[in-house]
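Hi,

Here is the structure for your files. Please have a look, then read my notes below.

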Amino acid sequence: MSDLLAGIRVLESAMLLNGDTLGGHLADLGADVIKVEAPGRGDYLRYILGQVAPGRSPAHLQANRGKRSVTLDLRTPEGLEAFWKLHQTADVFIDGNRAGALDALGVGYDAQQTRKPDIVYCQYTGYGSEGPYAAIATHGRMMDALAAAFPREMGPDGFMAPAPSRDPMAGMASGGEGTAAGAIHAAFHVAAALVQRERTGQGAHIDVAGFDGVVAQAWTTATYALNQHRLTDTSTLPAMQDGEMSGARYQFYETGDGQVVLFCCIEPKFWRNFCRAIGRDDLVDTIADGHVDFGNDGDELRHELQKIFHERTLTEWMALAAEHDMALGPAYRSITEAAADPHVSGRGVIHTQEFPEIGEFTYIGEAGRVAGQPYTVQRPAPDLGQHTREILAELGYSDGEVDHLAGTSNS
């Protein structure tokens, strides 16, 4: 974690991936993120999608990293009173529940804003908290499906099967997985709202949908699809076939050691650097004058380039690209393969750490690197109510009061 949000306290009421992922991002930035959970069940992400150990799924360990957990029964006067005491210490509240769920408990945005006008309240759901679909429960792929990321057609076996995208560029699947796509936009807005609060003293209500995140991150595809009828010149667009770019100069090629490289020398300078680096001056002038040339309708060139790429290993191609200023890079078949790449491992976004409670676990870390603050996970994802006694003691509750609130002397 970095300490960019050190001193900021976040309360999180969430189950499953939307709110959990948002809270995980804020914890990575140094915020004190406290999961407020119902006694007994809590966030059942702990118990689904496989188990590293009982109550510790990989999804839970990743999405709830760095957080603390307190159990409070908000249906009781004592639990509600404790919640409001804790709320007074908070800067941000994450609502990962269906629209209206916290209002029904008397702790929704209106109630929170009345008690603490400067609260930054972010509701992050699949379809958003407003609109005809706001009340519908969502799982991750539903968010992508609404954004046209999973085009389907009926197959000969009577089952729906993947279909080529009807959208240009890389298709709407380029927006990424819905819960993750929306979470990064939610974290961005929370950080901006904290800046506004520091400047004006005003809080904010933020409504983020995972669907919105997919569309926003697939903006190139969405922009071109929605404005295609307005284009007057398409000569600089890549040719597409079955949803894939078919040009020779922006293309995947197999290397001599059976790996794959994505070749992107569409600008004349990169193309000429490539040709000269491999001793093929005869190919230099095959690129058109102008800003870019994707090599559309260039099957003969594409076959010739495949022969050329078979002449060197991936490692050799990457060394050549770095030395001669060429746009190309590895295209791995799995994240496990990518993790072994020296550049990927050096970036630190894939981070393995060991805790006594869970042993070794590989996390996906921050995409941003802060100088002097190497990524680490402050604490592993919490067990249900693991920090109840600690947190309530911080609020001034005695051991006996904590036992009563927690419903057990072991919380």
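Cys265 is buried, because its relative accessibility is 0% (buried means under 20% relative accessible area, exposed over 50%, partly exposed in between, with a 1.4 Å probe and protein chains only). Cys264 also counts as buried, at 16%.

This is a predicted model: local features need pLDDT of at least 70, side-chain atom pairs count only at pLDDT 80 or more, and totals for chains, interfaces and linings use all residues. Residues are numbered from 1 along each chain as its sequence is written, and side-chain values use heavy atoms, leaving out hydrogens and water.

A search of the whole structure finds zero (a disulfide is a pair of cysteine sulfur atoms within 2.5 Å). Cys264 is in none; its nearest cysteine sulfur belongs to Cys265, 7.6 Å away.

Three strands form an open sheet, ordered β11-β12-β13, with antiparallel pairing. Strands are DSSP runs of E, at least two residues, and helices are runs of H or I, at least four, numbered from the N terminus. Two strands pair if DSSP finds at least two bridges between them. β11 (250-254) and β13 (328-330) are the edge strands, each pairing on one side only. Strand β12 (residues 260-264) is joined to β13 by three bridges. Val261 has Pro330 of β13 as its bridge partner.

Last, the helix. α11 (residues 299-309) lies across β11, β12 and β13, where contact means heavy atoms within 4.5 Å. Helix α11 runs at about 45° to β11. Axes are lines fitted to C-alpha atoms, for helices over the stretch in contact, and angles run from 0 to 180 degrees between N-to-C directions.

Best wishes
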